[in-house]
Amino acid sequence: RRGAGARMQDKQFPIMLKGSRYAGRLPIGRPEIIDNFPHETLRKFYADWYRPDLMSVIAVRDFDPAAVEKMIQTHFARIPASKGKPARPNYPVPDHPGTLYAIATDKEATSANISVYAKMDPRDQKTVGAYRRDLVERLFSSMLGARFSELAQKPDAPFVGAGGSRGSFVRSKDVSTLSALVKGNAIQQTLEVLFTEAERVARHGFTPGELDRTKTNIMTSIERAVREKENTPAASVAGQLVNHVVNGGPVPGIDYEAALMRRFMPEVTLAEVNALAKDWVPDRNRVVVISAPAKADFAVPTEQHLTGVITSVARKDIPAYVDTVDARTV
């Protein structure tokens with residue numbers, strides 16, 4: 001993994017995760033330590049952390065659950081319970097005012113990328129109310145992504161694709177994001193589009209037509225998943241279980257999830273979705289991350305340039321979005 005992406009991350013993470021344990025190194029450790037540690041250090045690390053109370057066995061396939069459970073018990077039940085071992089630490093990521101900038105280049109990078117992160121405290125994911133909240137956020141990010149897709153189709157678009165999302169970042173922080181793959185070196189122009197569209201939504205909101213189409217698309221997708229649930233790849237189910245173990249994410253099953261969506265989707269209002277825009281990219285706990293090629297002819301903006309872009313967007317007149325799609329044809 002020690003390619004261009006990893007080298008740029010090494011420069012960006014200390015800024016993105018400033019003031020935290022994560023800023024010093026990734027959990028896997030530094031290469032110089034991995035190359036030179038004493039054997040006893042590895043043995044102690046294994047004894048401290050590779051222990052039953054911190055492990056889960058996940059098995060997914062078309063098999064007899066009772067038989068597989070018996071196999072797991074046969075192989076794992078004899079491992080003794082841990083005693084006197086350290087508690088798993090939770091390393092906080094401190095908040096910060098304003099915007100930080102993490103700009104990195106590498107000679108092997110082939111294109112430029114922009115991500116705008118807004119860090120926030122992690123939220124409970126296990127309740128029905130949390131599922132409804134996530135559904136509202138999914139509607140928001142889908143509609144924002146649709147607007148970016150529309151812009152990307154224009155001949156003068158400065159980016160290939162862009163979108164927004166919200167989810168887990170590290171154990172102690174969630175993030176909302178705006179991100180884009182830049183065309184050429186149009187980094188400033190792309191950042192301007194990202195913030196302009198986010199600001200357009202914050203000022204004017206989405207339209208009823210956008211919400212109706214997105215609700216229809218999401219419901220169509222979930223109903224298709226219900227019909228095809230017997231063909232769900234095992235890796236997809238295992239991934240949900242891993243997310244549950246590692247991040248506390250829910251695993252409701254497709255039938256229960258579809259029932260929740262049928263219950264909540266009709267009642268979600270446009271006002272609810274639009275309200276998210278105010279805090280999607282707030283002017284605090286925000287980090288603008290730039291990755292770009294290190295080439296003599298590839299101009300990479302400075303922090304001052306990027307700050308100027310964000311400031312100018314906040315001051316300019318941004319008209320409301322005009323929805324030209326006829327909902328009757330969808």
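Colleague: How many nonpolar, polar and charged residues are in the lining of the largest pocket?

Modeller: This is a predicted model: local features need pLDDT of at least 70 and side-chain atom pairs 80 or more, while totals for chains, interfaces and linings use all residues. Residues are numbered from 1 along each chain as its sequence is written, and side-chain values use heavy atoms, without hydrogens or water. Ala, Val, Leu, Ile, Met, Phe, Trp, Tyr, Cys and Pro count as nonpolar, Asp, Glu, Lys and Arg as charged, the others, with Gly, as polar. The lining has 23 nonpolar, seven polar and six charged residues.

Colleague: How much space lies in the largest pocket, and which residues are closest to its centre?

Modeller: On a 1 Å grid over the protein atoms alone, a pocket is an open set of points with protein on both sides within 12 Å along at least five of seven lines; a cavity is a set where a 1.4 Å probe fits but cannot get out; lining residues have an atom within 4 Å of a point. Points join across faces, edges and corners, and volume is the space filled by probe spheres set on them. The largest pocket holds about 1600 Å³. Of its 36 lining residues, the closest to the centre are Pro 27, Ile 28, Phe 45, Trp 49 and Arg 88.

Colleague: Which element gives the most to the lining of the second largest pocket?

Modeller: This pocket has about 530 Å³ of space. Among the 21 lining residues, Gln 125, Asp 134, Leu 135, Arg 166 and Pro 250 are the closest to its centre. Helices (H or I, at least four residues) and strands (E, at least two) are DSSP runs, numbered from the N terminus. With seven residues, the top contributor is α5.

Colleague: Which residues line the largest cavity?

Modeller: The whole structure has one cavity of 30 Å³ or more. The lining divides into six nonpolar, no polar and no charged residues. They are Phe 140, Leu 144, Ala 198, Val 201, Ala 277 and Trp 280.
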